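User: I am new to this structure and would like to learn how to read its features. Please take me through them one at a time.

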Amino acid sequence: MKNQRKNERFNCLVPVEGKCGSLFECTKTVDFSKGGFGLISSQKVPVNKEIAIQIDLSQKAEPAFVVGRVKWVSRALDSGNYRIGISFEDVLKGSKTRLDDYFREKKIPIEAVV
């Protein structure tokens, strides 16, 4: 199967803070890139669903704001959960720079860290 991803993905295992009772209430991220992220959820989310997302890149920096779209959903084989692929359809003003800075820092070779 050909890898269709445009951007390198990084493991990111953190809970998602979704509104109580929403489709994203009990969801966790599994990976993250400049163009989107992967989620694990106990609920099936409709493909093409558009969602507003606030991404807290660090405790000190301003969050990035994007509009995401569910691109695919598949059943996880080892559980009753769903694996969900989200792409960033629109990155709001100022957020692109914050995302670029975040991923530029992620690519610093480990040898360069002193």
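Analyst: We begin with the nonpolar core. The largest nonpolar core has 18 residues, and those with the most contacts inside it are Phe32, Ile53, Ile55 and Ile86. This is a predicted model, in which local features need pLDDT of at least 70 and side-chain atom pairs count only at pLDDT 80 or more, while totals for chains, interfaces and linings use all residues. Residues are numbered from 1 along each chain as its sequence is written, and side-chain values use heavy atoms, with hydrogens and water left out.

User: What is a nonpolar core, and what does buried mean?

Analyst: A nonpolar core is a set of buried Ala, Val, Leu, Ile, Met, Phe, Trp, Tyr and Cys residues joined through side-chain atoms within 4.5 Å. Buried means under 20% relative accessible area, exposed means over 50%, and partly exposed lies in between (1.4 Å probe, protein chains only). In soluble globular proteins, nonpolar side chains tend to be buried together.

User: Which strands and which helix each supply at least two residues of the core?

Analyst: Helices (H or I, at least four residues) and strands (E, at least two) are DSSP runs, numbered from the N terminus. At least two core residues come from each of strand 3 (36-41), strand 4 (50-55), strand 5 (64-75), strand 6 (82-91) and helix 1 (95-106). Strand 6 gives the most to this core, with four residues.

User: Which residues does isoleucine 53 touch?

Analyst: Contact means heavy atoms within 4.5 Å. Not counting residues up to four places away in sequence, isoleucine 53 touches Phe37, Ala64, Phe65, Val66, Gly68, Ile86 and Phe88.

User: How many residues of strand 6 are buried?

Analyst: Seven of the ten residues of strand 6 are buried, and the strand is mostly covered.

User: How many bridges join strand 6 to strand 5, and how many to strand 3?

Analyst: Two strands pair if DSSP finds at least two bridges between them. Strand 5 and strand 6 run antiparallel and are joined by nine bridges; they form a hairpin with six residues between them. Within this pairing, arginine 69 stands opposite serine 87 in strand 6. Strand 3 also pairs with strand 6 in the antiparallel sense, over six bridges. There, the bridge partner of isoleucine 40 is arginine 83 in strand 6.

User: Is arginine 83 buried or exposed?

Analyst: Arginine 83 has a relative accessible area of 19%, so it is buried. A polar contact is a pair of N or O atoms within 3.5 Å; within protein, one must be able to donate a hydrogen and the other to accept it, and residues adjacent in sequence count only if both atoms are side-chain atoms. The side chain of arginine 83 makes such a contact with the side chain of aspartate 31 (3.1 Å).

User: How many salt bridges are there?

Analyst: A salt bridge is a side-chain nitrogen of Lys or Arg within 4 Å of a carboxyl oxygen of Asp or Glu. By this rule the count is six. One of them joins the side chains of arginine 69 and glutamate 89 (3.9 Å, N to O). This pair links distant parts of the chain, with arginine 69 in strand 5 and glutamate 89 in strand 6, 20 residues apart.

User: What else does glutamate 89 meet in a salt bridge?

Analyst: Glutamate 89 also meets lysine 71 (3.6 Å, N to O). Lysine 71 is in strand 5, 18 residues from glutamate 89 in strand 6. Glutamate 89 is partly exposed, with a relative accessible area of 40%, and lysine 71 is partly exposed at 42%.

User: Where do aspartate 100 and lysine 96 lie?

Analyst: Both lie in helix 1, four residues apart, about one turn of the helix. Aspartate 100 counts as buried, at 18% relative accessibility, whereas lysine 96 counts as exposed, at 52%. Elsewhere, salt bridges that share partners join Glu50, Arg69, Lys71 and Glu89 into one network.

User: Which residues is valine 70 in contact with?

Analyst: Valine 70 lies in strand 5 and counts as buried, at 0% relative accessibility. Leaving aside neighbours within four places in sequence, valine 70 is in contact with Val45, Pro46, Val47, Asn48, Lys49, Ile84, Gly85 and Ile86. The C-alpha atoms of valine 70 and valine 45 are separated by 7.7 Å, and the two residues are 25 apart along the chain.
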